[in-house]
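Here is a short briefing on helix packing and nonpolar cores. Have the coordinates open as you read.

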Amino acid sequence: ISAEVASHHLHPLYVTSEQFTSDFIRSIRGKNQDDFKAKYRDADVLLVDDIQFLEGKEQTQVGFFHTFNELHTLGKQIIIASDRPPSAVPVLEDRLSSRFEWGLVVDIQPPGLETRAAILHSKAETSNVSLTYEVATWIARLASKSVRELEGYLNKVLALSQFLEREITLDFVENTLAGFTNDLAQRSDPHTPQGVVVSLANYFHISPEELCQRRSDRKATEQQRIAMFILRTFLKLPPSEIGLIL
């Protein structure tokens with residue numbers, strides 16, 4: 001988004017919540033709050049990643065609140081990213097949560113199998129490597145959590161192929177990533193805690209992260225209570241371990 005904004009001759013500012021916090025603390029310590037305001041409030045579009053990490057940082061939240069208000073008043077665009085909906089971010093000031101819900105809230109789900117395979121083909125082509133359909137699909141099935149995981153597996157395959165001067169065949173990929181297939185099997189085995197979480201998440205059409213997300217009111221959702229029941233009744237896990245899993 002930042003690159004697209006810049007291509008229209010506008011001034012985007014992309015930061016993580018940690019960068020915003022660091023800049024805010026430095027402005028207070030160095031008593032140069034005017035520089036802080038100029039940096040953030042001169043942006044045409046402010047993009048803040050991982051906003052959930054402002055949790056518990058009360059003074060920084062106040063600083064972000066005033067920055068948000070001024071940019072909004074000036075008609076500027078604000079885009080924030082989080083690993084959960086604004087209302088589900090714990091210990092975030094109500095006035096911030098309500099403002100985050102003013103605009104368009106979009107749920108970006110992990111890419112499906114076909115999209116992951118297409119990403120692999122695209123990434124491989126930038127390295128002048130061609131992947132067969134079977135190879136791309138096999139890696140895509142293994143890497144289901146994120147695109148970063150997908151890229152990590154591909155980089156490992158490309159690096160070893162170049163080092164050993166081997167063709168990237170399905171057998172070569174299976175041998176190269178053999179150590180990761182055990183993790184995949186464990187995640188899909190319903191007799192393991194991870195498998196229970198994944199199976200229930202699929203059943204409820206939510207992500208495993210959503211099933212395990214912490215609620216601000218500390219009350220378990222119906223899906224979480226079902227997960228607790230299964231883990232306790234069928235896997236015989238103690239409550240302390242179930243708490244860590246969820």
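Contact here means heavy atoms within 4.5 Å. On that basis, Leu131 is in contact with Leu120, His121, Ala124, Leu154 and Ile168, leaving aside its neighbours within four places in sequence. The model is predicted.

**Nonpolar cores**
- The largest nonpolar core has 19 residues. Leu120, Leu131, Ile139, Val157, Ile168, Val173 and Leu177 touch the most other members.
- At least two residues of this core come from each of helix 6 (113-126), helix 7 (133-142), helix 8 (147-164) and helix 9 (170-176).
- In soluble globular proteins, nonpolar side chains tend to be buried together.

**Leu160**
- Leu160 sits in helix 8.
- Its relative accessibility is 31%, so Leu160 counts as partly exposed.
- Leu160 touches Glu165, Phe172 and Thr176, not counting residues up to four places away in sequence.
- From Leu160 to Val173 is 13 residues in sequence and 9.7 Å in space, C-alpha to C-alpha.

**Helix 3 against helix 4**
- The axes of helix 3 (residues 33-41) and helix 4 (residues 58-73) come within 10 Å. They cross at roughly 50°, so the two helices are oblique to each other.
- The crossing of helix 3 and helix 4 is right-handed.
- Helix 3 brings Phe36, Tyr40 and Arg41 to the contact, where they meet Gly63, His66, Thr67, Glu70 and Leu71 of helix 4.
- Three of the residues in this contact are nonpolar, three are polar and two are charged.

Terms used
Residues numbered from 1 in each chain as written. Predicted model: local features only at pLDDT ≥ 70, side-chain atom pairs only at ≥ 80, totals over all residues. Heavy atoms only, no water. Axes fitted to C-alpha atoms, helices over the stretch in contact; angles between N-to-C directions. Helix = DSSP H or I, 4+ residues; strand = E, 2+ residues; numbered from the N terminus. Parallel < 35°, antiparallel > 145°, perpendicular 65-115°, else oblique. Left-handed = near helix turned anticlockwise from the far one by under 90°. Nonpolar A, V, L, I, M, F, W, Y, C, P; charged D, E, K, R; others polar. Core = buried A, V, L, I, M, F, W, Y, C linked by side-chain atoms within 4.5 Å. Buried < 20%, exposed > 50% of the residue type's maximum accessible area, 1.4 Å probe, protein only.
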